[in-house]
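Colleague: I have not looked at this one before. Can you put it up and take me through it?

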Amino acid sequence: MAMARPFLLTSRVSTLRRVQIVHSFLFSSVCRRGQPSPPSTSFSLPSESPPAATKVPFAASAHGRTWQDPYHWMRKTADPDFIDHLRRENTYAADFMVDTEQLQRTLVREMRSRLPAKVSTPPERWGPWLYYQYIPEGKEYPVLCRRSEASDSGFVSKLLCFASGHSERKEQILLDWNEIAEQYGYVHVGACRVSPDHNFIAYTVDVNGSEQFLLRIKDLGDGSIVQRSEVEGVVSLAWARDGRTLFYTVSDENQRPYRVLCTEVGSDGTNDMPVYTENDSSFCVDITSTKDGKFITVYVIDAAYPLDGLDRICKRMPGVQVFVEHHYDSFYILTNAPLSENKESSSVRSYYLITCKVEHIHLPDLQRIILPSEDVSFHDMDIFNQHLVLSKRLDVEDLNPWYFPVPTDLCSIAPGSNHDFMSSVYRVVLSSPVMPDVIVDYNMSEQTFSIVHQEEVKSADTHEHLVSECSEVKNDKNFIGVERWEDFSSKYCCERKHVISHDGIKVPLTIMYSRNAWKKGESPGLLHGYGAYGEALDTSWCSDRLSLLDRGWVMAFADVRGGGDSSWHESGTGLTKPNSIHDFLSCASFLIDKGYVHKGQLGATGTSAGGLLVGAAINMKTDLFCAAILKVPFLDVCNSLMDPSLSLTILDYEEFGNPHIEKQFECIRSYSPYDNIPRSACLPSVLVTASYNDSRQTALITLPFSSLPVCWMNTNANMV
């Protein structure tokens, strides 16, 4: 079997962002007969044949079924034969893509030209300091800094800052990612927490791409790293009120956060005290602190007396989430816990708000503040000294809410970091596919708004700003300061459609295209999808997309079931996971049927669990897509979930199902991309990127593509 498939495997996660874009005329194949011939091109295949993986007989079985898996041996990723095969795949991929190198350089040049000279975040007040980040010119990673708020204030503020023990300095560098990268060759900072007294910063760092994070504590007084024994697998961090007691969670051998420990700044770490251990492998443990810093929430720990034990707020239940905040003597709890014992009535769980006095935490019934209804869906909560902030989907007029105007182009609102409990300003980020993110400060006491920051974006062609004023902002008396934001809606169109899926459900589809370059029925397109873990598909601004849009491409985003809020998520998990795939296929067909994309020029892309979605979709309808880009994809779903020794497998049972249960096994087996590759069809061209040190995906991504028959554009690949 002759195959042509690029497979790029790297040792660093950060290098996955390689530009791999080809002209649309390359998206045609000898298998797609009867379609218009592509323009002439010098496209050619590498002189060497594509690598063929070794087949080793292996019989797998479950629930009375037996099947052959000749690439099972690839699970041993340290096998020299496996590493040699990956090397040959990388070499072949590089040779195959050599014709696109000039295009890649052009695209990278365009993308860089749109970036501002300095990338930074606006300062955010927390206590006596203003915290902010920026990326130094010529560097790849950010720098976390702060300066005393007194430097921006009057004599009284400076005096108070001095009295609190903080010197007035223009800028203090707290953490420089670039220094770590220069030392180790790679850096990924996970959690990062400044102590309540602002004297220490605790952070976790991965220096090899394995996602095994190490704990570091830095003294912000002298800039030194506190010496202590190495602790690996650290996930989350939370400080006690004394600023010297630190709680942290660690992972087990399967990367499941399962234990909370407590350490003291200055100790060597060898006697860190276990606080809580989760022995149920289907649950993981997270830890954080309430906004006012008075409680640590894993259960509930009094941050003033961190060693006095744990109190439980709510009974643990599968699928139930509880978010806890504290305001003076009361807990405010956002949860989706069932309101009745009737499981049928609580199958779709909406979030609602409840509260209780701290001393009443052990009582079975908590006070309900706002109950869910058909018109209400809460998504987030934040709390301040004098205000409660609720993120909701629809209006709740009886709460007397305040509103501020947003752009009309499918704008979404996400909360900013908002660390300061005593602040009266709530920071949000406005995002739209056609508008660079806008950071807005809302003064909750005065009910006024101000735009504090928007990323500068230049046109790659003219190097001039593309500006359109938002009339709602211009005319709103509650806006102060900057009275306009910049967007690209005059040049790029963004539409939201609702596509009817296989079962009649309407699936949101976001479509972007250039008003000048797009041609109905002729343009190529790229459809994005994810559909898992309740994560909404990211459709926020990305200037890199302009390089495709300006070349006539259509960019589309399918919000399939499995992502989104509770009900949308649950209708695309477990036994209903095939809904996600059918939704994606329906959106793809819509783009072609309505003339947004040429029939033979639609590609698909997905990352991680989104790779599962795309992989299953191209198996089900091999002629719908002409190409696919899979980034660290989860493809060998059935075999992976059958092996509880793999990282995070047991935790994924809730999302994809447990194949040790026959009914769920049959469902997973029906769509698992690795197990459903058609042998007699011409499949789309596939580009796969992966990371050798990715501990979550290494065993999952290497299996399928050694057996995948792929038809590449303008080639004469012999198919099985």
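**A salt bridge to start with**

Modeller: Start at Asp252, which is buried, with a relative accessible area of 18%. Keep in mind that this is a predicted model.

Colleague: Which residue does Asp252 meet in a salt bridge?

Modeller: Arg256; the two side chains meet with 3.1 Å from N to O. Arg256 is buried as well, because its relative accessible area is 8%, and buried means under 20%.

Colleague: Why would such side chains pair at all?

Modeller: Side chains of opposite charge can pair when their charged atoms come close.

Colleague: How many salt bridges does the structure hold?

Modeller: There are 18 salt bridges in the structure. One of them joins Arg75 and Asp643, whose closest N and O atoms are 2.4 Å apart. That pair links distant parts of the chain, 568 residues apart. Arg75 sits in the loop between β3 and α1, and Asp643 in the loop between α10 (637–642) and α11 (653–656).

Colleague: And that pair, buried or exposed? Start with Asp643.

Modeller: Asp643 counts as buried, at 18% relative accessibility. Arg75 is partly exposed, with a relative accessible area of 22%.

Colleague: What about Asp84 and Arg87, where do they lie?

Modeller: Both are in helix α1, 3 residues apart, which is about one turn of the helix. Asp84 is partly exposed at 31% relative accessibility, and Arg87 is partly exposed with a relative accessible area of 48%.

Colleague: Let's stay around there. Where is Ala78 found?

Modeller: Ala78 is in the loop between β3 (65–68) and α1 (80–96).

Colleague: Is Ala78 buried or exposed?

Modeller: Ala78 counts as exposed because its relative accessibility is 63%, and the cut-off for exposed is over 50%. Leaving aside neighbours within four places in sequence, Ala78 is in contact with Ile83 and Tyr692.

Colleague: What is Leu612 in contact with?

Modeller: Setting aside neighbours within four places in sequence, Leu612 has contacts with Lys577, Phe634, Leu635, Val637, Phe656, Tyr671 and Pro673. As for Gly529, 83 residues from Leu612 along the chain, the C-alpha atoms of the two are separated by 9.7 Å.

Colleague: Change of topic: sheets. In what order do the strands of the open sheet with β12 come?

Modeller: The order is β12-β13-β14-β15, so named for 4 strands with antiparallel pairing.

Colleague: Which strands stand at the edges?

Modeller: β12 (234–239) and β15 (273–277) do. Each has a single partner strand, so one side of each is left without a neighbour in the sheet. From one strand to the next, the twist averages 25°.

Colleague: How many bridges join β12 to β13?

Modeller: 4 bridges join them, with β13 covering residues 245–251 and the two strands running antiparallel. Along that pairing, Trp239 stands opposite Leu246 in β13.

Colleague: Which side chain does Asp441 join in a polar contact?

Modeller: That of Arg427, at 2.7 Å. Not counting residues up to four places away in sequence, Asp441 touches Val425, Tyr426, Arg427, Thr448, Phe449, Ser450 and Val452.

Colleague: Last, the whole chain. How many helices and strands?

Modeller: The secondary structure comes to 13 helices and 36 strands. The chain has 720 residues, and buried residues make up 52% of them.

Key:
Residues numbered from 1 in each chain as written. Predicted model: local features only at pLDDT ≥ 70, side-chain atom pairs only at ≥ 80, totals over all residues. Heavy atoms only, no water. Contact = heavy atoms within 4.5 Å. Buried < 20%, exposed > 50% of the residue type's maximum accessible area, 1.4 Å probe, protein only. Pairing = 2+ DSSP bridges. Axes fitted to C-alpha atoms, helices over the stretch in contact; angles between N-to-C directions. Polar contact = N/O pair within 3.5 Å; in protein donor to acceptor, adjacent residues only side chain to side chain. Salt bridge = Lys/Arg side-chain N within 4 Å of Asp/Glu carboxyl O.
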